Every structure is written in structure tokens, then in C-alpha cells.
Amino acid sequence: MAAVTKIASSRTLKQLLSELKHISSNEGSASLAAKYITDQYRRFETTEQQHCRAKEELQFTADTYRCYLESVRKLKELNEVYRGKGERSIRDTADMVGFKLPHDPK
């Protein structure tokens, strides 16, 4: 059971650091945040004989932040794709939603 928790914890840490790299435009703040997160994970490490409530809280908080960072990244990507660029032609609009105009070759 503890090995499964350790694997899940390790996977969450890797995903969290990866999302942090995607989101951050400033390398200095990303490395400081990554250092802080890694230090927190080390601080709340437990052995198989120990049961620590703070470890479960850390896992839940890490999952929540990872989900938040991933959602922010995906939102930025969607905004870039669908943001208003002024007037679009009928062809551009049809291409964007995947339709073909009647006079387009099939």
C-alpha cells in the first residue's frame, strides 16, 4: 500500500513540476517554486511504518494545484485558438468548425 502511495506521490510531483514549467514564462520564479514544492515533498516523506495525515493533505493539495495549473494552460491554449480576430470570412469560419462550403471540392 505504501509503495503505491509513493508511486502516486512521485507521479504527482513530476506532473506538477511539468505543469509549472509550461505555465511559467519567467525561469527564476519557476525554479524557486519547483524548489519549494520539492522541499515540501521531502519534508512530508513517511516510511511504511508511519501514517501521517499531513502526507495525505500534501498529496491532495498537490493534486489540486496540478489540476489548476493544467487547466490554466489548457485555457490559454483555447483562448489562443478561439479568440476574436475581428471579422472572419465565411471560409475561415467553416474551416474552423470543420465544415466544407458547397463549392469546395470534396
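The structure is a predicted model. Its chain holds 4 helices and 0 strands, so the order of elements, read from the N terminus, is α-α-α-α. Of the 106 residues in the chain, 22% are buried, where buried stands for under 20% relative accessible area. The accessible surface of the chain is about 8700 Å², and carbon and sulfur atoms hold 57% of that surface. Among contacts in the chain with a separation of 6 or more, 48% are between residues 24 or more positions apart.

The second largest pocket is taken up next. Rolling a probe the size of a water molecule over the atoms shows where empty space is left. The volume of the second largest pocket is about 210 Å³. Its lining consists of L16, Y36, I37, Q40, Y41, L58, T61, A62, Y65 and L69. Two helices, α2 (27-43) and α3 (53-82), each give at least two residues to this lining. The largest share comes from α3, with 5 residues.

| Class | Residues in the lining |
|---|---|
| nonpolar | 8 residues |
| polar | 2 residues |

Which helix supplies the largest share of the lining of the second largest pocket? That helix is α3, and the residues that line the pocket include L58 and Y65.

Notes
Residues numbered from 1 in each chain as written. Predicted model: local features only at pLDDT ≥ 70, side-chain atom pairs only at ≥ 80, totals over all residues. Heavy atoms only, no water. Buried < 20%, exposed > 50% of the residue type's maximum accessible area, 1.4 Å probe, protein only. Contact = heavy atoms within 4.5 Å. Areas by Shrake-Rupley, 256 points an atom, 1.4 Å probe, with all protein chains shown as cover. 1 Å grid on protein atoms, 1.4 Å probe; cavity = no way out; pocket = protein on both sides within 12 Å on 5 of 7 lines; lining within 4 Å. Points joined across faces, edges and corners; volume = space filled by probe spheres on them. Nonpolar A, V, L, I, M, F, W, Y, C, P; charged D, E, K, R; others polar.
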